[in-house]
Amino acid sequence: MKRKLILTLKTILFLILLGGVLCTVMLVTERKTSYMKNKDFFEEAKKDHLDVLFLGSSHVINGINPIDLYEDYGITSYNLGGHGSLLKESYWQLIRALDYCKPDYVVVDCFMMDRNYDYIDEMYEETPEEFRQAAISQLHLNMDAYPLSKLKIAAVKDLVHDPDIQKQYLFDFMVYHNRWNELEQKDFQRLTGTSEYNMLMGAEMKHELEGSISYDYEYDTAARLPEHTVCEEYLMKIIDECQRDGIGILVTYLPFAAEPQDIQSANSAGDIAAQYGVPYINMLQMEDIIDPKADLSDPGHLSSTGAKKVTDCIGKWLSENTDLKDHRGDAEFSKWDELSAGYDKEVRDREISYRLLTTQLNMLTLGDVSAALYLTEDSPALQDPWFRHLVSNLTGTDKIEEAGRDHQQYFLLMDRASGNIYEAVGYEPVENMDTSMGQMTYIPIEKKFRLLYLTSDENNNFLYDDDHLKDDVQLITYDNNSGEMLSHIYCESSHNYEIEE
């Protein structure tokens, strides 16, 4: 009897240890993307800190920044957008989220409302297999972080038809158990709770730009989707759910380089919003909402500067049409202040130095640092319309167009502390410029020799360096308040605007 008891206890102990090992292996081998994106959602939802939830596709995850919304309006929110998420997935994302919190408002974007199929693993017959596999993979981002439950099972069965593929989301160890060769330090940090995670309340910003985007569509207000789609049905379900629960809802269509079916979707979304009596912001019709050459990272996604403009548009609407609280200065929301400070530092770092000059110039529009820019008369950048546009977008003038037309050197000093902008083309000098560094003077002498110096220190020329005579672009950044020089960038613009290390 005693022997059986000991054997039973050993068996129980073994099973406990085995269970612990399996749980540890599962935590280590699972991909961390879903955990990293949603970690703060679960924490802030538990504290009842989320006033607004954002739903949608990658247009939302890349296009709305909850940190900017908090900094500018004090509104707390979470970006639950997912790469490739159709409105059907947005619906289930909302239903799952409501298990953890009840927001005051939901903002849902309607991109891909033209999609008319029931399951992500059974798209149109002509859909390439790689698109189907991408959709199956992308669903893990918003699904894996949620524990197994009846609600999760219902969501998976509604989104995925193949039972074998369904198991990937219900028992994700089946997918991740063979990741041993991919494991990194962050995989083991999950065990201690010290792994990296999303610092933008679910958003992901895209800083780099694409210079060849076509954005010349004509908006047809009469265009509509030719048939009622599955995604339209789920937009209605989202609105129904919010109205039933007493949650305010705002329908949006965020800006990008739209195609005809997108315009049809945008108009049809407006019809549904009107039918339910809910507000709708169609940014495809707002010509001045973004600058396509500076605010699109690619044809379908906003850059971080574009996201700031879109977030500001939504923030203004929320502040003017709702009674959402301003949480800035409330000690209970100190984490938001910490995340804001972290993102501000990230932006400032990109303004001071980045691997691509075009990205750095665009980030300078955010105004956290001052800058001086110089281009030689034979600089390829002066003959690049996109580069000239980025400079004009920074200055608010077309002065650089004169330099490009006449093949003349160009100088810009933009002092954020005083609000002064100084520009010169050719051999035009600029004297006694008021800056936070002190009074400065710029004098072009010849092609490879020009002066930029403090009036009080004529011997220190900021624009000459024997080691960089081949570089046709120089960019200097300095602190708005102290005048401290932060970076001096040299670049050969013919090398795709890549900055020398």
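Contact here means heavy atoms within 4.5 Å. In the predicted model, this criterion places Arg 132, Ile 136, Leu 139, His 140 and Met 143 of helix 6 against Ile 165, Gln 168 and Tyr 169 of helix 8. By class, the residues of this contact comprise five nonpolar, two polar and one charged. The axes of helix 6 and helix 8 (residues 163–170) lie 10 Å apart, and the two helices pack at an angle of about 30°. Angles under 35 degrees count as roughly parallel, and helix 6 and helix 8 are therefore roughly parallel to each other. The crossing of helix 6 with helix 8 is right-handed.

Helix 6 also takes part in the largest pocket. Residues 129–143 form this helix, which supplies six residues, the largest share of the pocket lining. The volume of the largest pocket is about 420 Å³. Its lining consists of 18 residues, and those nearest the centre of the pocket are Met 112, Met 123, Phe 131, Ala 135 and Gln 138. Ten residues of the lining are nonpolar, six are polar and two are charged.

On the side of helix 11 the contact involves Glu 232, Leu 235, Met 236, Ile 239, Asp 240 and Gln 243, which meet Ser 268, Ala 269, Ile 272, Gln 275 and Tyr 276 of helix 12. Six of the residues in the contact of helix 11 with helix 12 are nonpolar, three are polar and two are charged.

The packing of helix 2 (residues 33–46) with helix 15 (residues 334–352) has an angle of about 155°, and the axes are 12 Å apart. Angles over 145 degrees count as roughly antiparallel, and helix 2 and helix 15 are therefore roughly antiparallel to each other. Helix 2 contributes Asp 40, Glu 43 and Glu 44 to the contact, while helix 15 contributes Lys 335, Trp 336 and Leu 339. The contact of helix 2 with helix 15 has four charged and two nonpolar residues, and no polar residues.

Technical notes:
Residues are numbered from 1 along each chain as its sequence is written. This is a predicted model: local features need pLDDT of at least 70, side-chain atom pairs count only at pLDDT 80 or more; totals for chains, interfaces and linings use all residues. Side-chain values use heavy atoms; hydrogens and water are left out. Helices (H or I, at least four residues) and strands (E, at least two) are DSSP runs, numbered from the N terminus. Ala, Val, Leu, Ile, Met, Phe, Trp, Tyr, Cys and Pro count as nonpolar, Asp, Glu, Lys and Arg as charged, and the others, Gly among them, as polar. On a 1 Å grid over the protein atoms alone, a cavity is a set of points where a 1.4 Å probe fits but cannot get out, and a pocket is an open set with protein on both sides within 12 Å along at least five of seven lines; lining residues have an atom within 4 Å of a point. Grid points are joined across faces, edges and corners, and a volume is the space filled by probe spheres set on the points. Axes are lines fitted to C-alpha atoms, for helices over the stretch in contact, and angles run from 0 to 180 degrees between N-to-C directions. Angles under 35 degrees count as roughly parallel, over 145 as roughly antiparallel, 65 to 115 as roughly perpendicular and the rest as oblique. A crossing is left-handed if the near helix is turned anticlockwise from the far one by less than a right angle, and right-handed if clockwise.
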